[in-house]
Amino acid sequence: RTTTPQYVTHPHPRTHASNTPRAFTPIAMFASVRATTAPALAPSASHRRRLGAGTQRSPSAPTHRTSRTRARAAKPSASALDTLLGATIIAPGGDAAVKDSVQKYYGETLATSSDLKTSACCTPANQIPKAVRDALREVPDEVKAKYYGCGSPTPVGIEGLRVLDLGSGSGRDCYVAARLVGETGSVLGIDMTDGQLAVARKYAEKYCTTTLGYAAPNMRFEKGTIEDLRAAGVDDASVDLIISNCVINLSPDKAAVLSEAYRVLANGGEFYFSDVYCDRRLPDALRSQEVLLGECLGGAMYIEDFKRLCVATGFTDPRVLAGHEIEVQDPELAELLGEAKFYSLTYRLFKLPPGRLETLCEDYGQFAYYNGTLEGSPNAYSLDDHHRFEKNKPMLVCGNTASMVGETWLGKHFTVVGDRDVHYGLFDCGPSPVASSASSAPAAGACC
């Protein structure tokens, strides 16, 4: 287990400070949220805690009314609750105004990433795997110059996978993924901004056929919104890996984004993304402010609300891999935001058949070990911020972790011993290590 002192957390309700199991369902959870959090729209002294332990963010996207209606019909959340939790952005001009604002900011206001007013779109070098750093060297300069991501949402060892990038922007992460998946894999980037799409498409064919030496391009870009992937031609269960880099916070309907991601992922697939989150619920006036929205702060969800939304969508056990605090460098923005703290976090959301991921860590006497076969990780592999597997060293794991490393695209790189025939109660893995490095922020991981 590793300790990452850069960011902090307090134990999450689903960690095991207590060994008393609790009944839990998304519907019951949301009913509880309605009853206990309705007044908390504005920041309060009791919520002034620093966030940490792992949260990240992503770029942006709009939505089609018909798709949203379909997506929400199966969910327990009501539109008023979505608004309260920050899952929707309310602006005077509605969703169209939010989308127009985002398109203008990224298509016209920003010429390059140096024009940004915060460090939200800066990725710490130590969070980028060597294989990704090597691939970046061959990405065209113009594509990299118009990169506005906040993390490194491209895992290694993805050869042959079908990858979808939500809010792909200039295409930087798609170009990296095109190399990592190899000629047998495929990459699709979805974005709604014409200027960004033009840059992404400009070099795609030459990069794939000349730089990478493929017989034909394995990467393409389509115009569309991340809230309605069906309109962009993305079928059910047609994707193995979804990536996204500081985009989801820009969406006016985050519930629709997660629902669509869940729909298009095949079982065993993963939503691996970086995005921006806040240590509190922001008031409406800040959430729809044009510059804050464009800088990925206005649309940032309160971390605990985001985890609730994940569970309600079907991503039962969200895990955090890495994170860092965002610096607000502009004095006027800093004054507007007051004591609110923002964090860029990389999340991992796995899709498995119903029942394979539980709301608590459960003990079935299983252990797992890493085979050492993932590219760039010959000696050890980090599943999240508190599960680091050394090669060939058995590690006791809860049922959820066993399923994540044994029943997903990671399965060929791990060996899991044991099944779920015998249950031994809660798995006592304690709080995330980040919780012990400081004291007062919301917990970042949902499990362990």
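**Reading a loop residue, a sheet and a helix**

Modeller: Thr408 lies in the loop between α15 (399-406) and β13 (414-417); helices (H or I, at least four residues) and strands (E, at least two) are DSSP runs, numbered from the N terminus. This is a predicted model, in which local features need pLDDT of at least 70 and side-chain atom pairs count only at pLDDT 80 or more, while totals for chains, interfaces and linings use all residues. Residues are numbered from 1 along each chain as its sequence is written, and side-chain values use heavy atoms, with hydrogens and water left out.

Colleague: Is Thr408 buried or exposed?

Modeller: Buried means under 20% relative accessible area, exposed over 50%, and partly exposed in between (1.4 Å probe, protein chains only). Thr408 is buried, at 10%. Leaving aside residues up to four places away in sequence, Thr408 touches Gly268, Phe350, Leu352 and Ser403, contact being heavy atoms within 4.5 Å.

Colleague: Which strands form the open sheet, and in what order?

Modeller: Strands of a sheet pair through backbone hydrogen bonds, either parallel or antiparallel. Here three strands follow the order β12-β9-β13, with antiparallel pairing; two strands pair if DSSP finds at least two bridges between them. The edge strands, β12 (395-397) and β13, each pair on one side only. Four bridges join β9 (residues 366-370) to β13, and Phe367 has Val417 of β13 as its bridge partner.

Colleague: Which residues of helix α8 (residues 194-202) are buried?

Modeller: Gln196, Leu197, Val199 and Ala200 are buried in α8. They lie on the same side of α8 because they cover an arc of only 160° around the axis, taken from the directions from the helix axis to the C-beta atoms. Asp194 and Lys202, on the other side, are exposed.
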